[in-house]
Amino acid sequence: ILKKEFSQFFRSPIGYIYLAIFIGITGYYFTVNNLLAQTNDVKEYFNTMIFTLLFLIPILTMRLLSEERKMRTDQLLFTMPLKVKDIVLGKFFAAYFVFALGIAATVLFVPVISMFGNVDLVTVIGCYVGILLAGATFVSLGLFLSSMTENQVVAAILTYAVLFALYLVSLLSNYVNNDFWVTVLNWMAIFTRYENFTIGIFDPSAAIYYVSMAIIFLFLTITTSSD
């Protein structure tokens, strides 16, 4: 399943479109935030990267299960001598590897900014660890929402809407004074948890949170697909 799904991204335009847009947008922000400003500070660059993913992850995940439902191949797929868990995980890791491929391409920017001074490798590594962890949550969420509909466009819109709502929650938590609601909003603020990684702080609680959320969404996808 993993091999089939990963190759499918590049037998269709989706994989190329995703990588081209991702590298194009992040390359633009790298040029503006680092090259033109002549700075080796990567924090702003990675903050724009995670915001970019908010718009691009839906493109990556929209067809994973919705297309199977539309073509009625999901029934055939789930009656094969494979566990539902294996099918869902295969699709998840295929999308995640495409996502990680885009992230890996940005590593080429690191030696370039070293021209402007010594690069803080701890901060750079922290940013990459954080973006890979957050990406696991985003991809698993998109996969779950893809399992809820037969329409790829609807799946993409739902994923975008939920991610954007979670982004707004991250902003809203700064303007709420009630302790209870602050706690609730902070728990939902998946974007805020990424901030420590951008300043070189490895936050174990944030890492556990991202992994846990990915597992929860994968479990929900398996449960939905088993019905």
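1. In this predicted model, the buried residues of helix H9 are Ala155, Ala156, Thr159, Leu163, Leu166, Val169 and Ser170. Viewed down the axis of H9, these buried residues fall within an arc of 155°, so they line one face of the helix. The face turned away from that buried side carries Val153 and Ile157, both exposed.

2. Aromatic pairs number 21 in the whole structure. For Phe93 and Phe97, the ring centres are 6.0 Å apart and the planes meet at 40°, so this pair is tilted. Both residues belong to helix H6 (residues 84-105), where they are four residues apart, about one turn of the helix. Phe93 counts as partly exposed at 34% relative accessibility, and Phe97 counts as partly exposed at 38%.

3. Tyr209 and Tyr210 form an edge-to-face pair, with 5.8 Å from centre to centre and 70° between the planes. Both of these tyrosines are buried. Tyr209 also has Arg193 over the face of its ring, at 3.7 Å from the ring centre.

4. Two further features involve aromatic rings. Phe30, Tyr45, Phe46, Phe109 and Tyr128 are linked by ring pairs into a cluster. Elsewhere, Arg63 lies over the face of Phe9, 5.4 Å from the ring centre.

Note on methods
Residues numbered from 1 in each chain as written. Predicted model: local features only at pLDDT ≥ 70, side-chain atom pairs only at ≥ 80, totals over all residues. Heavy atoms only, no water. Buried < 20%, exposed > 50% of the residue type's maximum accessible area, 1.4 Å probe, protein only. Helix = DSSP H or I, 4+ residues; strand = E, 2+ residues; numbered from the N terminus. Arc of directions from axis to C-beta. Phe/Tyr/Trp six-rings, centres within 6.5 Å; stacked < 30°, edge-to-face > 60°. Lys NZ or Arg CZ within 6 Å of the ring centre and 35° of its normal.
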